[in-house]
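Notebook open, model loaded. I'm jotting down what I look up as I go.

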Amino acid sequence: MGRELIVLGVAFLLSGLLARAGARVGLPTIPLFVAAGILVSPNTPGPVLFEHPEELELLAAFGLIFLLFYLGVEFSVDDLTSGGTRLLASAGIYLGLNVGGGLLFGLALGWGTSEALIVAGATGISSSAIVTKLLVELHRLANPETRLILGIIVIEDLFLALYLAALAPVLGQADSVADGALLFARALVFLLVLAAVARWGGPVVGKVVSAKGDELLVVLFVGFALLVAGLAYELGVSDAIGAFMAGLVLAGTAAAARIERLVRPLRDAFAALFFFAFGLSIDPGEISTVLAPAAAAIVLTLVLTMTAAIAAARINHLDRQAALNIAFSVAARGEFALILVTLAADAGLDTRLAPFVAVHVLVLALVSPILAHRSAAFVRFIPARLLPAA
């Protein structure tokens, strides 16, 4: 027990100190948390804190859960559905370009059709954790484009249920397409029930989790968030979207403002550990074998994301700055890509997928926050005929 506590303490301190040093020169915290994990991983020379990075899996999951839960509490169902058909059109364009482009790129690699489907999902879906952390870190929750960004990542997460169900036979998780369709239907029903509770059942749930003192309120809302996230995971939905829906439910309660304030320290501490654990899973030694295709995929992702962001900004009557904020925020790739490539490895697919996805994810996880911080510097590169100025 003593050693585990020591290395966990070192992990927090190293992440915090590195991020503090980077903040002095204007760097965002996310890539520095990831870099801290890489420095002490078993895949790099030097001290190794965690011989088995999977030991941090549960604690790291708390980071993703609290990030998305906080975002759910911050916004209401009306905030996310106010976009209506424009939101659906924007998300459809984003998914169509990125997932479709990723599929064509995967087929062009010639690694196999099953591998191309993995490449499409890994390169086409944003990281909910990084996007959420960026919006919070950059104080953009009140920006006009933020509702659109959140709507896109929520629809992406819903799309994941369908995509994973479709891939279930490929990944050996279902014996047939019918079994995969059953998994998707079960997940969809669960999400619809949560959406209905968020819309109309907030006051009832509020009575369950409410408490006069902050101590008991923390215990109750943490229990509710973890319960819903766990149920979502068991039913084939990501724990992240489950936590987000739990937050949406509590956003309609009288205690929403207190919950939002109390969950922030949990969000910040465990989010750092999530990105640290992400860094632990990356093996820099495998980069050279897939450097060329990974670099091409990174460029393709940035181009397709920018194209989709400009189209979404036009649909929603936003300006060039908003389009850049959308593009650079949702360009990050992360947890879903790593989960997908892990499932692919278990299914015996091409071994080149793991280093390819690791390079793609690592670079975009580092580049996306930096570009998002500096988005105003790129406004002049978008032609005025496409979008208006701010």
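Burial cut-offs before anything else: I call a residue buried under 20% relative accessible area, exposed over 50% and partly exposed in between, with a 1.4 Å probe and protein chains only. By that rule phenylalanine 378, at 29% relative accessibility, counts as partly exposed. This is a predicted model, where local features need pLDDT of at least 70 and side-chain atom pairs count only at pLDDT 80 or more, while totals for chains, interfaces and linings use all residues. Residues are numbered from 1 along each chain as its sequence is written, and side-chain values use heavy atoms, with hydrogens and water left out.

**Overall fold**

I looked up secondary structure as DSSP runs numbered from the N terminus: helices are H or I of at least four residues, strands are E of at least two. The chain has 17 helices and zero strands. For the radius of gyration I took C-alpha atoms, and the globule rule is 2.2 Å times the number of residues to the power 0.38. For 390 residues a compact globule would come out near 21 Å, and the chain's 20 Å agrees with that. I also noted that buried residues make up 53% of the chain. With contact meaning heavy atoms within 4.5 Å, I checked pairs at least 6 apart in sequence, and 82% of those contacts join residues at least 24 apart.

**Core**

A nonpolar core here is a set of buried Ala, Val, Leu, Ile, Met, Phe, Trp, Tyr and Cys residues joined through side-chain atoms within 4.5 Å. The largest one has 134 residues, and Phe69, Phe221, Phe275, Phe276 and Phe356 have the most contacts inside it. Helix α13 (residues 256-280) gives the most to this core, with 13 residues. I then followed phenylalanine 275: setting aside residues up to four places away in sequence, it touches Ile30, Phe33, Val34, Leu67, Ala129, Ile130 and Lys133.

**Rings**

Rings of Phe, Tyr and Trp (its six-membered ring) pair if their centres lie within 6.5 Å; planes under 30 degrees apart are stacked, over 60 edge-to-face, the rest tilted. I get nine aromatic pairs that way. Phenylalanine 69 and phenylalanine 221 are stacked, because their centres are 5.7 Å apart and their planes at 15°. Phenylalanine 378 and phenylalanine 381 make a tilted pair, 6.2 Å centre to centre with 45° between the planes. Phenylalanine 381 is exposed, at 58%. I also found Phe62, Phe66 and Phe270 linked into a cluster by ring pairs.

How many of the ten residues of helix α7 are buried? Ten of the ten (residues 128-137), so this helix is largely enclosed by the rest of the structure. Lys133 and Glu137 are among them.

Serine 126 sits in the loop between α6 (113-124) and α7, and is buried at 3%. A polar contact (N or O atoms within 3.5 Å; within protein, one able to donate a hydrogen and the other to accept it, and sequence-adjacent residues counting only if both atoms are side-chain atoms) of 2.7 Å joins the side chains of serine 126 and tyrosine 94. Beyond neighbours within four places, serine 126 is in contact with residues including Val131, Glu156 and Arg333.
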